[in-house]
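Please look at the sequence and the model before reading on. The points below are meant to be checked against them one by one.

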Amino acid sequence: MKKKYKLMIAIIVVIFIVIAAILLFSFVNNKDEKETVKVVDNISNFGYTLDDRDTDLMKNTYNELKEILLKDEIDYESYAQTLAKLFVIDLFTMNNKINRYDVGSTEYVYPESLDNFKTNVEDTIYKTIENNSDGKRKQDLPEVSSIELVSSDTNEYVIGEEAYDSFVISLNWNYEYDLGYDKQATITLIQLEKKLYVVEYVTGE
């Protein structure tokens, strides 16, 4: 009996050690990610942020958006055009992402679609992104180098039984190196209170 008792204690101790190791590993990984990405600016009352890792194109476009949103009267068409550009730049600039779960552009997406958006991105265009929490990744990943407005229009977008006025923005963009990712799309945005959200992305290719 004593041997069985000691064996059970040993098994329990091992289980606790394994659990503790898993929790510690998870904590360290999350800590690395949080320490790697630092917010350097935010647009108050809108929740849009700029990170230290963002590219010059992202920073310049973000500053354009900030200028639009800080005016006494917001030009919502310009807001939609600029937000659509930020959505593309952040989503398809992958060389500054930590891993496949570090999905870009989430702050621009319609809240009720956010979980589906993240899952879809993780399982498709971000699927092959290697982990870079140690900063040693050598994988070639895309970076959007330029972006231009093709057209801007208004329409109606239906969610459930409710219709919303929407902006339909078509864009073209280029990369530092062409790795075969999308280079044109039409993006639909709707307004909820004072904010715009991306509700649809349709590739033009």
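Does E112 count as buried or exposed?

1. E112 counts as exposed, because its relative accessibility is 66%. Here buried means under 20% relative accessible area, exposed means over 50%, and partly exposed is in between, with a 1.4 Å probe and protein chains only. The residue is part of the loop between α3 and α4. In sequence E112 and V199 are 87 residues apart, while their C-alpha atoms are 9.4 Å apart in space.

2. A note on the source: this is a predicted model, in which local features need pLDDT of at least 70 and side-chain atom pairs count only at pLDDT 80 or more, while totals for chains, interfaces and linings use all residues. Residues are numbered from 1 along each chain as its sequence is written, and side-chain values use heavy atoms, with hydrogens and water left out.

3. Confidence comes next. The mean pLDDT of the chain (the predictor's confidence in each residue, from 0 to 100) is 90, and 83% of the residues reach 70 or more. Residues 27-35 have a pLDDT below 50, and this stretch makes four contacts in the model beyond near neighbours in sequence. Contact means heavy atoms within 4.5 Å.

4. The chain contains four helices and six strands. These are DSSP runs numbered from the N terminus, with helices being H or I of at least four residues and strands E of at least two. Read from the N terminus, the order of elements is α-β-β-α-α-α-β-β-β-β. Of the 205 residues, 36% count as buried. Among contacts between residues at least 6 apart in sequence, 52% join residues at least 24 apart.

5. Which residues have the most contacts inside the largest nonpolar core? They are Y48, Y79, F87, F92, W173 and L189, in a core of 43 residues. A nonpolar core is a set of buried Ala, Val, Leu, Ile, Met, Phe, Trp, Tyr and Cys residues joined through side-chain atoms within 4.5 Å. At least two residues of this core come from each of β2 (48-51), α2 (56-69), α3, α4 (114-123), β3 (144-159), β4 (162-175), β5 (184-192) and β6 (195-203). Helix α3 gives the most, with eleven residues. Another core, of six residues, lies apart from this one and includes Y157, Y164, I190 and Y197.

6. L189 and S166 can be read together. S166 is found in strand β4 and counts as buried, because its relative accessibility is 3%. With the neighbours within four places again left aside, the contacts of S166 include D153, Y157, T188, L189 and I190.

7. A search of the whole structure finds nine aromatic pairs. The rings of F46 and Y48 are stacked, because their centres are 6.1 Å apart and their planes are at 20 degrees. Rings of Phe, Tyr and Trp (its six-membered ring) pair if their centres lie within 6.5 Å; planes under 30 degrees apart count as stacked, over 60 as edge-to-face and the rest as tilted. Both F46 and Y48 are buried.

8. Y76 and Y79 form a tilted pair, 5.5 Å from centre to centre with 45 degrees between the planes. Why are Y76 and Y79 separated by about one helical turn? The reason is that they are three residues apart in helix α3 (residues 76-92). Y76 and Y79 are both buried. One aromatic cluster is formed by F46, Y48, Y76, Y79 and Y108.

9. The charged end of K194 sits over the ring of F46, 4.8 Å from its centre. The rule is that NZ of Lys or CZ of Arg is within 6 Å of the ring centre and within 35 degrees of the ring normal.

10. Two residues have a positive phi without being glycine. S105 has a phi near 70 degrees, and E193 has one of about 55 degrees. S105 lies in the loop between α3 and α4, and E193 in the loop between β5 and β6. S105 is buried, with a relative accessible area of 1%, whereas E193 counts as exposed at 78% relative accessibility.
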